[in-house]
Amino acid sequence: MTDDTWRTALPNTWLGPDGETVSCTEKLKVLEENLAEIAELAQDALEDAILMGVAEDQARRTLAGVIEQLKNPYRK
């Protein structure tokens, strides 16, 4: 994906569960790489849905819903 506008959604500072700043460069790099992949996949899915005749607003709501349903496997 050449369009990096998804980066505008990134926070200025990443926070841990305790409210402390996550500052490890490698962790932040992996996080950004993962988000770039998600943005690319989501863009492709949106474009495919629109090309197949799905209403854009419904496709966007569905993509957001998929994200909302993600589970935290590390929660105790």
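Helix H1 passes helix H2 in a right-handed crossing, where right-handed denotes that the near helix is turned clockwise from the far one by less than a right angle, and left-handed anticlockwise. Helices here are DSSP runs of H or I with at least four residues, strands are E runs of at least two, and both are numbered from the N terminus. The model is predicted, so local features need pLDDT of at least 70 and side-chain atom pairs pLDDT 80 or more, whereas totals for chains, interfaces and linings use all residues. Residues are numbered from 1 along each chain as its sequence is written, and side-chain values use heavy atoms, without hydrogens and water.

The axes of H1 (residues 25-51) and H2 (residues 56-68) come within 9 Å and cross at roughly 145°; they are lines fitted to C-alpha atoms over the stretch in contact, with angles from 0 to 180 degrees between N-to-C directions. At this crossing, Ala42, Ala45, Leu46, Ala49 and Ile50 of H1 meet Glu56, Ala59, Arg60 and Leu63 of H2, contact being heavy atoms within 4.5 Å. These residues comprise 7 nonpolar, no polar and 2 charged. Nonpolar covers Ala, Val, Leu, Ile, Met, Phe, Trp, Tyr, Cys and Pro; charged covers Asp, Glu, Lys and Arg; the others, Gly among them, are polar.

I turn now to the largest pocket. A pocket is an open set of points on a 1 Å grid over the protein atoms alone, where a 1.4 Å probe fits, with protein on both sides within 12 Å along at least five of seven lines; lining residues have an atom within 4 Å of a point. Of its 23 lining residues, Leu35, Ile38, Ala39, Ile67 and Leu70 lie nearest the centre. H1 contributes the most to this lining, with 11 residues. The lining divides into 20 nonpolar, 1 polar and 2 charged.

Finally, the chain contains 2 helices and 0 strands.
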